[in-house]
Every structure is written in structure tokens, then in C-alpha cells.
Amino acid sequence: MKYFIVYFTHTDNLTTEYYMKGKSADYMINRLKWYYKGIITTNKWGIKADNLKSVFVREINPKEFPDLSKRDFAVINENKSYSLSDFLDDDLTF
């Protein structure tokens, strides 16, 4: 498991950081790209991602951050995260 600090910059220039973990940096970037302009849900929090200007992923060694434990890092919950294309599915019927 790899550990990351993910910086989300919103359209109002507010930058927030989240502690996340995943299989690899490529995997994390791929998942964030997939759910960009949608909703990213983790085991700890959720973020509405349609108002993001940029996302920066920084891989870290958790041992270099003694104030953080491995439990502080969230994992993307793909069953509860949605991309814009999920909402625009042509197969939806009501």
C-alpha cells in the first residue's frame, strides 16, 4: 500500500489536503481522473469534485510524519463514488 497527500484546489483558489492510500501513484491518479467532475467517496469523507481546478498527488513515507498513523489515510470507495458519466448514462430509465 502506498501513502499520499492529495491536494485539491477548488475554483475559488482554496486548497485542501487529504491523506489517502492506494495501490500505487498511477492507480490513485487514475481513480481521481475517473471521478473528476463527480463525487469522490472514501471510508472517511466525501468530496464534490465538480468544482475542482486542479489535483496534485504527492507520495509520502508515513514514517516521516510521526503525528500521522496509517489509520489517518482514507481509501477511495469505488462503490460509492461517481463520475459525471455515471449520471449521464443513456440506459437510465425512470
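Reply: Two residues are said to touch, or to be in contact, when heavy atoms of theirs lie within 4.5 Å. The model is a predicted one, and the part considered here is helix α1, which covers residues 25–34 and contains Arg 31.

Arg 31 has a relative accessibility of 14%. Because buried means under 20% relative accessible area, Arg 31 counts as buried. Leaving aside residues up to four places away in sequence, Arg 31 touches Ile 76 and Glu 78. Its side chain also makes a polar contact, at 3.0 Å, with the side chain of Asn 30. Lys 44 is 13 residues from Arg 31 in sequence, and the two C-alpha atoms are 17 Å apart in space.

Arg 31 is one of the buried residues of α1, which are Met 28, Arg 31 and Leu 32. Seen down the helix axis, these buried residues fall within an arc of 100 degrees, so they line one face of α1. An α-helix has 3.6 residues a turn, so residues three or four places apart point the same way. The buried residues of α1 pack against the strands β1 (2–10), β2 (15–22), β3 (39–41) and β5 (52–60). On the other side of the helix, Asp 26 and Lys 33 are exposed.

Ile 76, which Arg 31 touches, is also among the residues touched by Ser 81. Ser 81 is found in the loop between β5 and α2 (84–87) and is buried, with a relative accessible area of 3%. The side chain of Ser 81 reaches the backbone oxygen of Asn 77 at 2.9 Å, and a polar atom of that side chain lies 2.8 Å from the backbone nitrogen of Thr 41.

Terms used
Residues are numbered from 1 along each chain as its sequence is written. This is a predicted model: local features need pLDDT of at least 70, side-chain atom pairs count only at pLDDT 80 or more; totals for chains, interfaces and linings use all residues. Side-chain values use heavy atoms; hydrogens and water are left out. Helices (H or I, at least four residues) and strands (E, at least two) are DSSP runs, numbered from the N terminus. Buried means under 20% relative accessible area, exposed over 50%, partly exposed in between (1.4 Å probe, protein chains only). A polar contact is a pair of N or O atoms within 3.5 Å; within protein, one must be able to donate a hydrogen and the other to accept it, and residues adjacent in sequence count only if both atoms are side-chain atoms. The arc is that of the directions from the helix axis to the C-beta atoms.
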